[in-house]
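User: I would like to go through this model term by term and see what each label rests on. Could we start with the rule for a charge placed over a ring?

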Amino acid sequence: MSVHEAAAAQRPADPAVIVNGLRRAYGDRTVIKGLDLRIERGEFVALLGESGCGKTTLLRALAGLDPIQGGRIIAPKRPAVVFQEHRLLPWDSLWRNVALGLDGPDARARAAAALAEVGLGDRLDDWPRNLSGGQA
């Protein structure tokens, strides 16, 4: 092992998320002001706080779903997002809901793999109404 390889092996991995000085407002109401946050790879983080304090606003900003008025966010380019309430189309099967927006002939197989990953691999052709709240 070369000196450069040894140094690279000892260097910690880049963090998963970095937020510096984040500001997000809705009109005159500032919800997040000057937030700094660093989340390391493999770290689990819980956001706790009263209703309206900015938890969902932060997550939407991290996912690139909402604009910010100040600061900087460094996060994955293609984040995985799970909403608080499911957005399943009741007239489509589970696999079609999961495959929504996927291109290519392998859409069903990719949806099947995703459903298997969350323990619903045997429910591809089932309907959203047949899921529990947690499954949905």
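Analyst: A charge sits over a ring if NZ of Lys or CZ of Arg is within 6 Å of the ring centre and within 35 degrees of the ring normal. The model is a predicted one, and in it the charged end of Arg24 sits over the ring of Tyr26, at 4.3 Å from the centre of that ring.

User: Why are the buried residues of helix 4 said to line one face of the helix?

Analyst: In helix 4, which spans residues 107-117, Ala107, Ala111 and Leu115 are buried, that is, under 20% relative accessible area. Viewed down the axis of helix 4, these buried residues fall within an arc of 65°, and therefore they line one face. On the other side of helix 4, Ala109 and Glu117 are exposed, and the cover over its buried residues includes helix 3 (94-99).

User: Why does helix 2 also count as having its buried residues on one face?

Analyst: The buried residues of helix 2 (residues 55-62) are Thr57, Leu58, Ala61 and Leu62. Seen along the axis of helix 2, they fall within an arc of 135°, so they line one face. Among the elements that cover them are strand 1 (17-26), strand 2 (29-39) and strand 3 (70-74).

User: What makes up the largest nonpolar core?

Analyst: It consists of 9 residues, namely Leu94, Trp95, Ala99, Ala107, Ala111, Leu115, Leu120, Leu124 and Leu131, and the term requires buried residues of the nonpolar kinds joined through side-chain atoms within 4.5 Å. Helix 3 and helix 4 each supply at least two residues of this core. Apart from it lies another core, of 8 residues, including Val19, Ile32, Ile39 and Leu62.

User: Which residues does Leu124 touch, leaving aside those up to four places away in sequence?

Analyst: With that exclusion, Leu124 touches Ser93, Leu94, Trp95, Arg108, Ala112 and Leu115, a contact being heavy atoms within 4.5 Å.

Technical notes
Residues numbered from 1 in each chain as written. Predicted model: local features only at pLDDT ≥ 70, side-chain atom pairs only at ≥ 80, totals over all residues. Heavy atoms only, no water. Buried < 20%, exposed > 50% of the residue type's maximum accessible area, 1.4 Å probe, protein only. Helix = DSSP H or I, 4+ residues; strand = E, 2+ residues; numbered from the N terminus. Arc of directions from axis to C-beta.
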